[in-house]
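User: I'd like to go through this one with you. Could you take my questions one at a time?

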Amino acid sequence: MQQQEKLSQQNNLSRDSGFQNRFVQVSADRTHLCLNEKPWYFCGANCYYLMTRAADPSTLPDVISVLDDLQAAGITVVRTWAFADGPQWSALQPSPGVFDENVFCALDRVIAEAGARGIRILFNLINFWSNYGGMGQYVAWSREAQGLPTTTHSLGEKKEEQTSAAAIASEFYQDPWCQSTFLNFLKTLILRTNTLTGVVYRDDPTILGFAPANEPQCLCDPGCHGSTIATWIHRTAAEIKKFDSNHLVFMDCEGFWGPGGQPSMTCTSSGAGGTTTGGGNPYDCTYNGCDFTADCASNYIDVACCHLYPDLWLQDASEQSRLEFAVGWLDAHVEACANILRKPLILSEFGKQRAVGTNSNSITTAREVYFQAIFNRCLNHMQQGRPLAGSMFWTAAAKSYPDYDGFTIYLPHKKQEIDQGEGDSVAELIKDHAIAVQKLNESQVDVGVGGSREAGKKLTIAHMVSRTKEKLESKLDEIRKKLSVY
């Protein structure tokens with residue numbers, strides 16, 4: 001089908017986006033995601049620009065193209081930004097409490113197009129970093145409203161400029177004006193009715209869930225002594241649940257451990273596919289105010305997340321050391337979710353930078369080795385019933401979109417493109433992993449959903465037999481009642 005023909009079908013998108021009101025939920029023991037009362041896993045991707053590029057007719061084809069690529073690769077979840085704040089291109093909220101309807105309609109379009117392709121969406125609602133506005137923009141608005149001097153929130157190029165911008169953004173959590181303005185945005189977003197499908201966002205199963213923030217840090221709270229992030233996440237997640245009881249809420253952090261929460265570097269984990277050592281912070285993280293287990297502990301948080309960037313976090317390490325760290329980092333967070341948090345885990349960002357001069361598909365690159373190792377580890381955790389529910393690589397893009405950071409992955413979706421070596425060398429690894437995850441989903445059995453954390457229990461074979469017996473007893477009761485009529 002030609003691109004123009006696809007773009008002309010925007011008014012014919014399915015009302016229920018093909019998911020038939022089936023929401024992804026948490027299992028009765030609170031440690032897995034479930035769909036139709038069966039454990040559910042996914043292979044996902046990041047594509048942060050969907051809304052802003054969908055708002056511009058000249059870049060809308062990029063959105064359609066990347067969604068086609070994701071669908072062809074078997075990707076079933078995409079993580080993207082549902083925000084763009086301040087004076088910038090395609091801003092959703094160009095000024096406090098003022099929303100651009102054209103950009104909101106673009107977000108409607110993204111939801112409808114993704115749903116029509118069987119792809120669910122994880123929405124991030126604000127950025128700690130200055131990209132797309134972020135918390136620093138809210139702080140600048142607050143200072144302006146109070147007649148105070150505003151300071152640039154741009155990250156800048158120098159480390160001291162980035163640190164200053166991050167410190168400014170950290171004021172966001174405890175600023176009453178910022179919180180009031182942000183909660184107004186949350187309510188406006190969640191209660192919006194999609195102009196293409198007619199479905200209110202909170203009632204749309206195309207949306208997997210909401211993450212209050214991307215990579216929240218708090219430089220005003222070194223060492224987490226005030227638990228600023230944990231308090232803010234708890235409060236914000238509670239507000240989301242107040243308006244929306246259908247969707248999952250994610251704590252979408254990098255996964256840095258806080259004081260006392262970091263796993264021992266001498267203990268081993270043999271949770272999946274071998275034994276690893278470590279899993280601790282890649283560098284001294286005490287200044288950033290993060291504490292993975294505390295920040296994810298709220299009962300209003302359904303799913304914990306972690307990110308993984310050994311290229312950025314361990315710049316002086318060897319490739320082998322980075323790989324060993326990556327596997328240990330994933331294992332440690334799976335262990336924390338299994339034994340401490342009792343929640344599902346998502347590896348919501350991971351990536352490997354493309355080395356210069358390694359675009360050829362004829363050689364095995366460090367990037368391929370890294371992706372294969374992460375996918376193998378993820379699949380092993382899933383197969384063993386551990387709380388890892390999915391992974392999402394950073395980042396997918398249309399072929400017309402520049403690779404700004406070396407992490408971009410271009411997925412071919414036509415056989416001709418694959419045969420000609422177009423796209424990315426890890427594209428086939430992603431597709432193979434998606435197939436393996438789908439096969440795993442097809443093999444799952446009914447385990448039930450919901451239930452409080454206190455009442456949660458391990459879903460053993462005996463428990464499933466008990467559930468089956470209860471269903472049979474219920475059926476027998478129905479038959480007895482019908483017979484009694486006669």
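**A loop cysteine, a helix glutamine and a helix pair**

Analyst: Gladly, and please keep in mind that this is a predicted model. One place to begin is Cys218, which lies in the loop between strand 7 (207-211) and helix 8 (228-243).

User: Is Cys218 buried or exposed?

Analyst: Cys218 has a relative accessible area of 2%, and because buried means under 20%, Cys218 counts as buried.

User: Which residues is Cys218 in contact with?

Analyst: Leaving aside neighbours within four places in sequence, Cys218 is in contact with Ser170, Tyr173, Thr228, Ile229, Tyr287, Asn288 and Gly289. Gly289 is 71 residues apart from Cys218 along the chain, yet their C-alpha atoms are separated by 4.8 Å.

User: Switching topic, where does Gln179 lie?

Analyst: Gln179 lies in helix 7 (residues 176-190), and at 10% relative accessibility this glutamine counts as buried. Beyond its neighbours within four places in sequence, Gln179 is in contact with Phe172, Tyr173, Trp232 and Arg235.

User: What lies 2.7 Å from a polar atom of the Gln179 side chain?

Analyst: That is the backbone oxygen of Phe172.

User: And how do helix 3 and helix 4 pack?

Analyst: Helix 3 (residues 60-73) and helix 4 (residues 101-116) pack at an angle of about 25 degrees, with their axes 10 Å apart. Angles under 35 degrees count as roughly parallel, so helix 3 and helix 4 are described as roughly parallel to each other.

User: Which residues make the contact?

Analyst: Helix 3 contributes Leu60, Val63, Ile64 and Leu67, while helix 4 contributes Arg109, Val110, Glu113 and Ala114. The residues of this contact divide into six nonpolar, no polar and two charged.

Definitions and conventions:
Residues are numbered from 1 along each chain as its sequence is written. This is a predicted model: local features need pLDDT of at least 70, side-chain atom pairs count only at pLDDT 80 or more; totals for chains, interfaces and linings use all residues. Side-chain values use heavy atoms; hydrogens and water are left out. Axes are lines fitted to C-alpha atoms, for helices over the stretch in contact, and angles run from 0 to 180 degrees between N-to-C directions. Helices (H or I, at least four residues) and strands (E, at least two) are DSSP runs, numbered from the N terminus. Angles under 35 degrees count as roughly parallel, over 145 as roughly antiparallel, 65 to 115 as roughly perpendicular and the rest as oblique. Contact means heavy atoms within 4.5 Å. Ala, Val, Leu, Ile, Met, Phe, Trp, Tyr, Cys and Pro count as nonpolar, Asp, Glu, Lys and Arg as charged, and the others, Gly among them, as polar. Buried means under 20% relative accessible area, exposed over 50%, partly exposed in between (1.4 Å probe, protein chains only). A polar contact is a pair of N or O atoms within 3.5 Å; within protein, one must be able to donate a hydrogen and the other to accept it, and residues adjacent in sequence count only if both atoms are side-chain atoms.
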